[in-house]
Amino acid sequence: MINGAHVIIYSRDADADRAFLKDVLGFAHVDAGRGWLIFRLPPAEAAVHPAEGFAHEVFLMCDDVRATMAELEAKGAEFTEPVTDAGWGLKTSLRLPGGGDLGLYEPRHPVAHD
């Protein structure tokens with residue numbers, strides 16, 4: 001039986017991104033050995049969208065995107081796009097120190113987790 005999912009974020013500066021997930025986003029973690037941190041994530045969902053090629057995205061979800069942005073900006077987070085209404089939710093992008101982006105959105109659809 002599948003009992004979880006493991007998300008991998010590839011980074012040009014993995015140490016900085018790990019520190020960001022720990023210190024700015026406040027995700028609990030375990031040390032898998034030699035400082036290799038594995039983070040506990042909030043409940044998750046998966047969706048499959050039609051596409052011509054293959055791509056994957058990671059979005060963090062929140063109850064109030066603007067309040068969450070303000071809280072994270074106070075901790076030094078940088079957002080790379082303004083909040084936009086995508087119909088299914090209000091979304092933005094969060095810059096990781098290693099150069100990658102994570103989506104952040106406030107869903108306007110029923111959620112599949114508790």
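**Entry 1: the β4/β5 hairpin**

I started at the hairpin that β4 and β5 form, with three residues between the strands. Glycine 87 in the turn has a positive phi of about 90 degrees. This is a predicted model, so I kept to the rule that local features need pLDDT of at least 70 and side-chain atom pairs 80 or more, while totals for chains, interfaces and linings use all residues. Residues are numbered from 1 along each chain as its sequence is written, and side-chain values use heavy atoms, with hydrogens and water left out.

Strands here are DSSP runs of E, at least two residues, and helices are runs of H or I, at least four, numbered from the N terminus. β4 (residues 78-85) and β5 (residues 89-95) run antiparallel and are joined by five bridges; two strands pair if DSSP finds at least two bridges between them. I found glutamate 81 opposite serine 93 in β5.

**Entry 2: the sheet**

Next I followed the strand order, which is β3-β6-β5-β4 in an open sheet of four strands with mixed pairing. β3 and β4 are the edge strands, each pairing on one side only. Between β5 and β6, which run antiparallel, I noted seven bridges. Lysine 91 has tyrosine 105 in β6 as its bridge partner.

Helix α2 (residues 65-74) packs on this sheet and touches β4, β5 and β6, where contact means heavy atoms within 4.5 Å. The direction of α2 makes about 170 degrees with that of β4; axes are lines fitted to C-alpha atoms, for helices over the stretch in contact, and angles run from 0 to 180 degrees between N-to-C directions.

**Entry 3: the aromatic cluster**

Which residues form one aromatic cluster? They are Phe59, Trp88 and Tyr105. Rings of Phe, Tyr and Trp (its six-membered ring) pair if their centres lie within 6.5 Å; planes under 30 degrees apart count as stacked, over 60 as edge-to-face and the rest as tilted.

Phenylalanine 59 and tryptophan 88 have ring centres 6.0 Å apart and planes at 90 degrees, so I logged the pair as edge-to-face. Phenylalanine 59 is in strand β3 (residues 59-61) and tryptophan 88 in the loop between β4 and β5, 29 residues apart.

For tryptophan 88 and tyrosine 105, the centres are 5.0 Å apart and the planes at 80 degrees, so this pair is edge-to-face too. Tyrosine 105 lies in strand β6 (residues 101-107), so the pair ties together parts 17 residues apart in sequence.

Buried or exposed? Tyrosine 105 is buried at 9% relative accessibility, whereas phenylalanine 59 at 28% is partly exposed, as is tryptophan 88 at 36%. Buried means under 20% relative accessible area, exposed over 50%, partly exposed in between (1.4 Å probe, protein chains only).
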